[in-house]
Amino acid sequence: MSTAAPPSMRDRVVDSAVRLTTEVGWAKVTMARLADDVGVSRQTVYNEVGTKAGLAEAMILRELERFLATVTVAFDEHPDDLVEAIRASARSVLEVAPSNPLLHAVVSATHGADTELLPLLTTHAGSLLAAAKDVIAARIAPYDVDLRAAELDAAIDMVVRIVLSHVMQPSGPAEATADQIAWIAARVLGA
């Protein structure tokens with residue numbers, strides 16, 4: 001009988017931060033409150049995530065990993081059709097997004113004063129975009145794409161940014177939006 005390894009201290013801290021953020025809002029998440037919630041010292045929290053900004057980034061990147069897991073599944077289901085892989089990936093991300101508690105807390109906070117996390121998904125989304133683009137680039141590599149490296153990088157950047165934009169502000173049903181993204185991708189990729 002195999003048992004899963006217990007979560008690391010970093011995972012426990014990030015899990016607690018996500019839960020507290022969704023329950024009481026990011027503004028009320030302090031390192032002291034987080035330490036109390038996890039049952040460790042404040043210094044332990046700082047050792048695991050650094051500053052509060054580091055904690056915010058760790059939370060966002062953790063959620064990104066969950067979204068990218070759906071992308072991996074979509075690409076695996078369409079190994080011979082890049083446009084269909086992109087369509088399925090976009091659809092899965094857009095379908096999962098509305099039920100993500102952290103994303104909901106970040107986006108809904110824009111209507112109040114607690115907007116400190118929002119830039120990590122918009123104007124300061126560099127690490128999020130880089131991580132997403134790296135995964136997409138790796139997933140696209142096995143496909144036969146007739147683009148130079150710089151053109152392919154631009155196409156990947158475009159798709160990632162369009163999907164993120166629709167995650168933040170949906171303009172229609174996930175399936176219809178995914179179809180539109182696939183249409184654009186097909187034109188850009190020459191597929």
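How do the residues of the lining of the largest cavity divide into nonpolar, polar and charged? I looked this up and got 29 nonpolar, 2 polar and 1 charged. For these classes I took Ala, Val, Leu, Ile, Met, Phe, Trp, Tyr, Cys and Pro as nonpolar, Asp, Glu, Lys and Arg as charged, and the others, Gly among them, as polar.

Ground rules first. I worked on a predicted model, in which local features need pLDDT of at least 70, side-chain atom pairs count only at pLDDT 80 or more, and totals for chains, interfaces and linings use all residues. Residues are numbered from 1 along each chain as its sequence is written, and side-chain values use heavy atoms, with hydrogens and water left out.

**Cavities**

I took a cavity as a set of points on a 1 Å grid over the protein atoms alone, where a 1.4 Å probe fits but cannot get out; lining residues have an atom within 4 Å of a point. Points are joined across faces, edges and corners, and a volume is the space filled by probe spheres set on them. I found 2 cavities of 30 Å³ or more. The largest holds about 460 Å³. Its lining has 32 residues, and Leu 64, Val 93, Ala 132, Val 163 and Leu 164 lie closest to its centre.

Next I checked which helices (DSSP runs of H or I, at least four residues, numbered from the N terminus) contribute. At least two lining residues each come from α4, α5 (82-96), α6 (101-108), α7, α8 (149-168) and α9 (174-189). α8 gives the most, with 9 residues.

**α4 with α7**

I used axes fitted to C-alpha atoms over the stretch in contact, with angles from 0 to 180 degrees between N-to-C directions. The axes of α4 (residues 52-77) and α7 (residues 126-140) come within 10 Å and cross at roughly 20 degrees. The two are therefore roughly parallel (under 35 degrees). The crossing is right-handed, meaning the near helix is turned clockwise from the far one by less than a right angle. Contact means heavy atoms within 4.5 Å. Among the residues making it are Leu 64 and Leu 68 of α4 and Ala 132 and Val 135 of α7. The contact divides into 12 nonpolar, 2 polar and 3 charged residues.

**α5 with α8**

These axes lie 10 Å apart, at an angle of about 25 degrees. α5 and α8 are therefore roughly parallel too. α5 passes α8 in a right-handed crossing. I noted Ile 86, Ala 90, Val 93 and Leu 94 of α5 against Val 159, Val 163, His 166 and Val 167 of α8. This contact has 7 nonpolar residues, 1 polar and no charged.

**α1 with α3**

The axes of α1 (residues 9-24) and α3 (residues 42-49) come within 9 Å and cross at roughly 100 degrees. α1 and α3 are therefore roughly perpendicular (65 to 115 degrees). Met 9, Arg 10, Val 13 and Val 14 of α1 meet Thr 44, Val 45, Glu 48 and Val 49 of α3.

Notes:
Parallel < 35°, antiparallel > 145°, perpendicular 65-115°, else oblique. 1 Å grid on protein atoms, 1.4 Å probe; cavity = no way out; pocket = protein on both sides within 12 Å on 5 of 7 lines; lining within 4 Å.
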